[in-house]
Amino acid sequence: MYSVLMSVYKKESPENLRESVISMMQQTVPPDDFVLYCDGRLTDELYLEIERLKQKYPVLNVIYNDVNSGLGKALSAGIDYCRHDIVARMDSDDIAKPDRMKLQLEALKKYSVDIVSGTIEEFSGDISNITGIKTLPEKDEEIKNYARRRNPFNHPCVTFRKQQVYLAGNYEHCPFFEDYWLWLRMLDNGCTGYNVPESVLYMRSGSELYKRRGGFSYTIDALRFRKKMKNAGFCSFSDYFVSCAAHIIFAIIPNRLRMFFYSKILRK
């Protein structure tokens with residue numbers, strides 16, 4: 001038994017939302033609880049699509065909220081509605097592979113861990129156009145070492161224990177880094193992790209995604225986050241310096257070059 005936690009806001013397309021929800025409902029081990037948190041007012045088209053999905057899937061529990069609070073606060077509120085301790089995160093524009101949950105539930109049990117993610121395949125347009133494959137360290141010790149400079153879990157396909165999320169303080173407002181900040185606090189709190197080597201999800205990417213990662217606002221938020229990490233003792237000064245330098249370099253290079261580095265150097 002597990003819950004799915006998804007947040008959606010007005011800029012999402014009904015088609016992407018439908019495809020994402022269906023990919024989770026058609027898992028080889030399907031959920032019996034699916035929380036869809038509406039972060040602010042949505043478009044009429046999205047509301048119509050949500051009503052269609054509710055008719056098709058009675059396990060879909062839609063939480064309507066008229067105020068847009070951002071992803072961190074939305075997930076913090078949405079997790080309260082999840083009925084099970086095991087919660088699978090899912091973004092409203094990604095596509096889960098059919099065996100995602102089977103593999104992750106097996107890993108949770110086999111390795112007695114608190115956080116599980118896996119390899120993701122980034123695509124542009126449709127899933128036949130794979131632009132990158134993002135793999136991560138598999139075992140707990142490697143994950144904790146990796147976390148000092150880079151996000152150790154792929155948030156779009158994370159499955160975790162809700163009680164451990166609460167013990168670490170839940171999601172917090174931390175623009176662009178809500179998940180990374182939560183994982184650091186969970187790992188520091190004694191939680192253990194594992195990354196399934198197999199690909200478990202298709203993640204939607206494209207030039208707009210990389211453009212946002214190079215924008216001024218993103219860079220300022222990234223530098224603030226790295227300082228927050230250092231001040232909390234989650235990384236050394238050298239980790240902090242290298243990470244900040246990387247963010248600044250990625251901010252000033254052209255978007256085409258940024259896309260190349262992400263897809264060819266930082267991905268496999």
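Buried here means under 20% relative accessible area, exposed means over 50%, and partly exposed is in between, with a 1.4 Å probe and protein chains only. This is a predicted model, where local features need pLDDT of at least 70, side-chain atom pairs count only at pLDDT 80 or more, and totals for chains, interfaces and linings use all residues. Residues are numbered from 1 along each chain as its sequence is written, and side-chain values use heavy atoms, with hydrogens and water left out.

Start with strand β4, residues 86-89. Helices (H or I, at least four residues) and strands (E, at least two) are DSSP runs, numbered from the N terminus. Ile86 and Ala88 point one way from β4, Val87 and Arg89 point the other way, and all are buried. Two strands pair if DSSP finds at least two bridges between them. β4 pairs with strand β1, residues 3-8, in the parallel sense over three bridges, and Val87 is the bridge partner of Ser3. With strand β8, residues 159-161, β4 pairs in the antiparallel sense, also over three bridges. There, Ile86 has Arg161 as its bridge partner.

Arg161 also takes part in a salt bridge, with Asp114, at 3.9 Å from N to O. A salt bridge is a side-chain nitrogen of Lys or Arg within 4 Å of a carboxyl oxygen of Asp or Glu. This pair links distant parts of the chain: Asp114 is in the loop between α4 (100-111) and β6 (115-123), and Arg161, 47 residues away, is in β8. Asp114 is buried at 11% relative accessibility, while Arg161 is partly exposed at 22%.

Next, strands β2 (residues 33-39) and β3 (residues 60-65), which pair in the parallel sense over six bridges. Between them the chain passes through helix α2, residues 44-56, in a right-handed β-α-β crossover. Right-handed means that, with the strands pointing away from the viewer, the path from the first strand over the helix to the second runs clockwise.

Which residue forms a salt bridge with Arg41? It is Asp66, with the closest N and O atoms 3.8 Å apart. Arg41 is in the loop between β2 and α2 and Asp66 in the loop between β3 and α3, so the pair ties together parts 25 residues apart in sequence. Arg41 is exposed at 51%, and Asp66 is exposed at 54%.

Within α2, Glu49 and Arg52 form a salt bridge at 3.6 Å. Arg18, Glu49 and Arg52 are linked in a network of salt bridges.
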